[in-house]
Amino acid sequence: MNKEIAKIFREMAELLDINGEKILQRINAYRRAAAYLENLKTDVSEMYKNAEGKKWEVFLVPKIIGEKNAKKIEEYIKKGVIKEFEELKEALKNKDSVEV
């Protein structure tokens, strides 16, 4: 599951870049989180299953994965999708159809 979420985060960074995102830290946050997840030895679903309390907090890694991305990982584990990713893809699709 780590590689799946990493791929989504990389695609989100690219979509934000294509859409002209002005906050570069946001793009870089997705790229840092993706790189971390690709190299993480423990599957995030196992980490989540074994966590207690606010389960998303198990994904927090200072300067790599913050609260928003930790919650996106949780969302993917629970629902199989990340809503913001779907919205970014839709926005790009709509943007392309308007420009044609």
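Tutor: Let us begin with a term: a charge sits over a ring if NZ of Lys or CZ of Arg is within 6 Å of the ring centre and within 35 degrees of the ring normal. This is a predicted model, in which local features need pLDDT of at least 70 and side-chain atom pairs count only at pLDDT 80 or more, while totals for chains, interfaces and linings use all residues. Residues are numbered from 1 along each chain as its sequence is written, and side-chain values use heavy atoms, with hydrogens and water left out.

Student: How far from the ring centre of Tyr48 is Lys55, which lies over its face?

Tutor: Tyr48 lies in helix H3, where helices are DSSP runs of H or I with at least four residues, numbered from the N terminus. Tyr48 is buried, with a relative accessible area of 11%; buried means under 20% relative accessible area, exposed over 50%, and partly exposed in between, with a 1.4 Å probe and protein chains only. Lys55 lies over the face of this ring, and its distance from the ring centre is 5.1 Å.

Student: Which residue forms a stacked aromatic pair with Tyr48?

Tutor: Rings of Phe, Tyr and Trp (its six-membered ring) pair if their centres lie within 6.5 Å, and planes under 30 degrees apart count as stacked, over 60 as edge-to-face and the rest as tilted. Here the centres are 6.2 Å apart with 5 degrees between the planes, so the pair is stacked. The partner of Tyr48 in this pair is Phe59.

Student: The rings of Phe9 and Tyr30 also pair, but is that pair stacked or tilted?

Tutor: A search of the whole structure finds two aromatic pairs. The rings of Phe9 and Tyr30 have centres 5.5 Å apart and planes at 50 degrees. Phe9 is in helix H1 and Tyr30 in helix H2, so the pair ties together parts that are 21 residues apart in sequence. Given the angle of its planes, the pair of Phe9 and Tyr30 is tilted.

Student: Over what arc around the axis do the buried residues of H2 lie?

Tutor: The buried residues of H2 are Ile27, Ala29, Tyr30, Ala33, Ala34 and Leu37. The arc is that of the directions from the helix axis to the C-beta atoms. These residues are on the same side of H2, because the arc that they cover is only 155 degrees.

Student: Which backbone nitrogen lies 2.8 Å from a polar atom of the side chain of Asn2?

Tutor: Asn2 lies in helix H1 and is buried, with a relative accessible area of 6%. A polar contact is a pair of N or O atoms within 3.5 Å; within protein, one must be able to donate a hydrogen and the other to accept it, and residues adjacent in sequence count only if both atoms are side-chain atoms. The backbone oxygen of Leu40 lies 3.3 Å from a polar atom of this side chain, and the backbone nitrogen at 2.8 Å belongs to Val44.

Student: What is the C-alpha to C-alpha distance between Ile8 and Phe85?

Tutor: Ile8 is in helix H1, and it touches Tyr76, Ile82 and Phe85, not counting residues up to four places away in sequence, where contact means heavy atoms within 4.5 Å. Ile8 and Phe85 are 77 residues apart in sequence, yet their C-alpha to C-alpha distance is 7.3 Å.

Methods
Helices (H or I, at least four residues) and strands (E, at least two) are DSSP runs, numbered from the N terminus.
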